[in-house]
Amino acid sequence: MKKNLNFVIENILTEEQKKNLKKGLNCKTYLSGHILSVRNATVEEELEFKTRLEAICDFQVDWDYVVLEIEDLEKYEFFYCSGQMENPDTLIKMCKWELEQDGNPSFDYSNFCPICKRGLVQKAPLKVKGLTTKHFTKSLVTPFWLEWIINTNFKKALIEKEITGIEFVPLYNCKDEIITTNMQIKPSKILKDALKKEEYNILKHRISSNDCDCNNFFYNPKGSIMKLKKEIKNELLDFNELKEHSRASRIGMYIISKKMLYTMINQGIKPNVDFEFIPVEFE
């Protein structure tokens with residue numbers, strides 16, 4: 001059995017402390033400010049990691065859950081997938097910076113909050129830079145856990161498997177030329193009021209001690225299972241977006257079917273290594 005864990009640590013660690021934390025362990029670790037993530041840790045590695053952490057700083061366990069293998073995922077019909085794991089592809093960027101009011105014509109800013117940077121709605125194809133030859137052969141990347149960018153081979157596989165709910169959106173470079181090797185995929189519809197609200201911590205963005213004034217709430221599951229209303233199941237396609245979003249992304253939560261999961265796996269995407277797939281239950 002392996003675990004994924006997030007710790008909120010009290011101190012900013014030195015380079016030497018970070019090095020010693022990981023020494024001799026095979027699990028992957030990622031540190032961003034006061035958030036320390038551990039991925040694919042065995043029970044022994046989890047205990048050793050906590051022991052080492054206790055020796056250098058105070059911490060709280062933000063969440064921890066068992067990593068599901070493919071045979072575990074087989075038991076479920078739908079999954080939440082927010083994008084690449086702890087190292088999303090950050091080479092791909094917008095030609096025009098989107099995180100300022102009316103800064104990028106590809107987005108609708110009607111519900112945009114300049115504090116929490118949420119509420120953008122894409123209304124036109126994206127103009128991007130930073131696509132390299134590696135993206136021509138890489139099936140799927142999600143820059144900053146946001147837009148899903150695929151290559152032509154993955155598009156062909158999605159079409160051949162008749163994956164429903166997908167909109168293929170072209171990409172353009174900064175010279176307004178269409179990019180022929182890669183494109184964006186988006187769910188074709190957004191499902192509203194699908195979450196079982198009592199199963200989520202509903203949060204607002206905070207700057208210092210103040211909330212921003214927007215209505216862009218964050219929905220974080222209380223456990224390691226996504227809980228949706230049972231009546232929404234009949235509305236789900238192979239690729240879906242929920243109106244609600246999590247702290248990890250400005251876009252809505254993406255729900256995929258088992259059919260799409262296996263299409264991704266057949267394209268070389270490794271569950272809980274490249275992308276995290278969280279099972280969905282209906283109540």
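The legends below describe close-up views of a predicted model. Local features need pLDDT of at least 70 and side-chain atom pairs count only at pLDDT 80 or more, while totals for chains, interfaces and linings use all residues. Residues are numbered from 1 along each chain as its sequence is written, and side-chain values use heavy atoms, with hydrogens and water left out.

**View 1. The largest nonpolar core.** This core has 26 residues, of which Trp148, Ile256, Met260, Met264 and Phe277 touch the most other members. A nonpolar core is a set of buried Ala, Val, Leu, Ile, Met, Phe, Trp, Tyr and Cys residues joined through side-chain atoms within 4.5 Å; buried means under 20% relative accessible area (1.4 Å probe, protein chains only). At least two residues each come from β11 (148–151), α5 (152–160), β13 (178–187), β21 (254–257) and α6 (258–266). The greatest share, four residues, is given by α6. Helices (H or I, at least four residues) and strands (E, at least two) are DSSP runs, numbered from the N terminus.

**View 2. The surroundings of Met264.** Neighbours within four places in sequence are set aside here. Met264 is then in contact (heavy atoms within 4.5 Å) with Cys81, Leu140, Trp148, Phe154, Ile256, Ile269, Phe275 and Phe277. Another core, of 17 residues, lies apart from the largest one and includes Met226, Ile232, Ile278 and Val280.

**View 3. Strand β21 and its partners.** Both faces of β21 are covered, with Tyr254 and Ile256 buried on one side and Ile255 and Ser257 buried on the other. Strand β5 (residues 78–80) runs antiparallel to β21 and is joined to β21 by three bridges; Phe79 stands opposite Ile256. Strand β20 (residues 239–242) is likewise antiparallel to β21, with three bridges, and Glu241 stands opposite Tyr254. Two strands pair if DSSP finds at least two bridges between them.

**View 4. The largest cavity.** On a 1 Å grid over the protein atoms alone, a cavity is a set of points where a 1.4 Å probe fits but cannot get out, and lining residues have an atom within 4 Å of a point. The volume of the largest cavity, about 60 Å³, is the space filled by probe spheres set on the points, which are joined across faces, edges and corners. Among its lining residues are Cys81, Trp145, Trp148, His245 and Tyr254.

**View 5. The second largest cavity.** About 50 Å³ of space lies in this cavity, which is lined by Lys28, Tyr30, Arg39, Asn40, Met85, Asn272 and Val273. Strands β2 (28–32) and β3 (35–42) each supply at least two of the lining residues.

Key. Buried < 20%, exposed > 50% of the residue type's maximum accessible area, 1.4 Å probe, protein only. 1 Å grid on protein atoms, 1.4 Å probe; cavity = no way out; pocket = protein on both sides within 12 Å on 5 of 7 lines; lining within 4 Å.
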